[in-house]
Amino acid sequence: MDTPRKLIAGNWKMNGTAAALAEIAAMADAARDLPPNLTVAVCPPATLIDRARVAAGEGPLIVGAQDVHAEPAGAFTGSVSVEMLADAGAKLVIVGHSERRADCGETNPDVRAKAEAVVAAGLTAVVCVGETEAERDAGDALSVIAGQLDGSLPANATRLAVAYEPVWAIGTGRTPTALQIAEVHAAIRSDLIARYGDAGAATPVLYGGSVKPSNATELLHVDNVDGALVGGASLTAADFLAIVRAAVR
Ligand code: PEP
């Protein structure tokens, strides 16, 4: 998939079994009527990717993955490679989610290696960055994010999206103000343009953290917000599609 300018991606995290495939089928049905400049993706657990791809049918709904190992194969018990994800039907991979950075000790170089593996295999990498609450309170949000971008982004912007996900907004019901989001997204955009030129201007920059049907219209219309990475609200087709519709308004 060439990365489109607008992208709404759902991250199911460690939720979902076969019973949840009906939600994906419903998302896929609705996605058929969306404008072509908006891509919608859902990232179920790795165990569901191939069945999700079947449930999504031939329509435009993209199925993605939540993580990948940077190496192509080998003695990495429990891990999956990008070739395996592609074989299962994934077209996009989230890398560097704050839960993996915090819970699994993933560093910026780890995230960059994963992103490089993803784009080299022809899939889209969604690289996540974002500050903790303590970092924001200390006035360090922009410098933390600049460091994450510098350390995590792949060498070129083909098949790349960036997700700004303030750690304190994930799963908490709290969101930054529109001004705070605009400030960070403008800084990310400048970084991407300085790094990649025109390709950086065209790279989608998503907002993530407690996006819901009730706040999606406001969040998705902040300057330089090109879509959303959605956690909890992506688990049901009704909520996820309400967010997707807010992106087309
Ligand atoms: C996420 O974890 O990527 C996320 C944005 O979660 P939520 O929407 O539930 O805050």
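Select helix H4 to begin: with three residues, H4 gives the most to the lining of the largest pocket. Helices here are DSSP runs of H or I with at least four residues, strands are runs of E with at least two, and both are numbered from the N terminus.

This is a predicted model, in which local features need pLDDT of at least 70, side-chain atom pairs count only at pLDDT 80 or more, and totals for chains, interfaces and linings use all residues. Residues are numbered from 1 along each chain as its sequence is written, and side-chain values use heavy atoms, with hydrogens and water left out.

**Stop 1: the largest pocket**

Select Lys13, Gln66, Asp67, Val68 and Arg100. Of the 25 lining residues, these lie nearest the centre of the largest pocket. A pocket is an open set of points on a 1 Å grid over the protein atoms alone, with protein on both sides within 12 Å along at least five of seven lines; lining residues have an atom within 4 Å of a point. The largest pocket holds about 530 Å³ of space. Its lining divides into eleven nonpolar, seven polar and seven charged residues. Asp, Glu, Lys and Arg count as charged; Ala, Val, Leu, Ile, Met, Phe, Trp, Tyr, Cys and Pro count as nonpolar; the others, Gly among them, count as polar.

**Stop 2: the second largest pocket**

The second largest pocket has a volume of about 200 Å³. Of its 17 lining residues, Gly171, Gly209, Ser210, Gly231 and Gly232 are the closest to its centre. A volume is the space filled by probe spheres set on the grid points, which are joined across faces, edges and corners.

**Stop 3: the ligand**

Which pocket does the ligand sit in? The ligand sits in the second largest pocket; to sit there, more than half of its atoms must lie within 2 Å of the grid points. Now show the 14 residues that surround the ligand, the closest being Lys13, His97, Glu165, Gly171 and Ser210. A residue is near if one of its heavy atoms lies within 4 Å.

Zoom in on the polar contacts, which are pairs of N or O atoms within 3.5 Å. A polar side-chain atom of Lys13 is 2.5 Å from a ligand oxygen atom. A polar backbone atom of Ser210 lies 2.7 Å from an oxygen atom of the ligand. For a polar backbone atom of Gly231, the distance to a ligand oxygen atom is 2.8 Å.

**Stop 4: the cavity**

The structure holds one cavity of 30 Å³ or more. A cavity is a set of points where a 1.4 Å probe fits but cannot get out. Select Cys128, Gln148 and Glu165, which are among the residues lining the largest cavity. About 40 Å³ of space lies inside the largest cavity.

Technical notes:
Polar contact = N/O pair within 3.5 Å; in protein donor to acceptor, adjacent residues only side chain to side chain.
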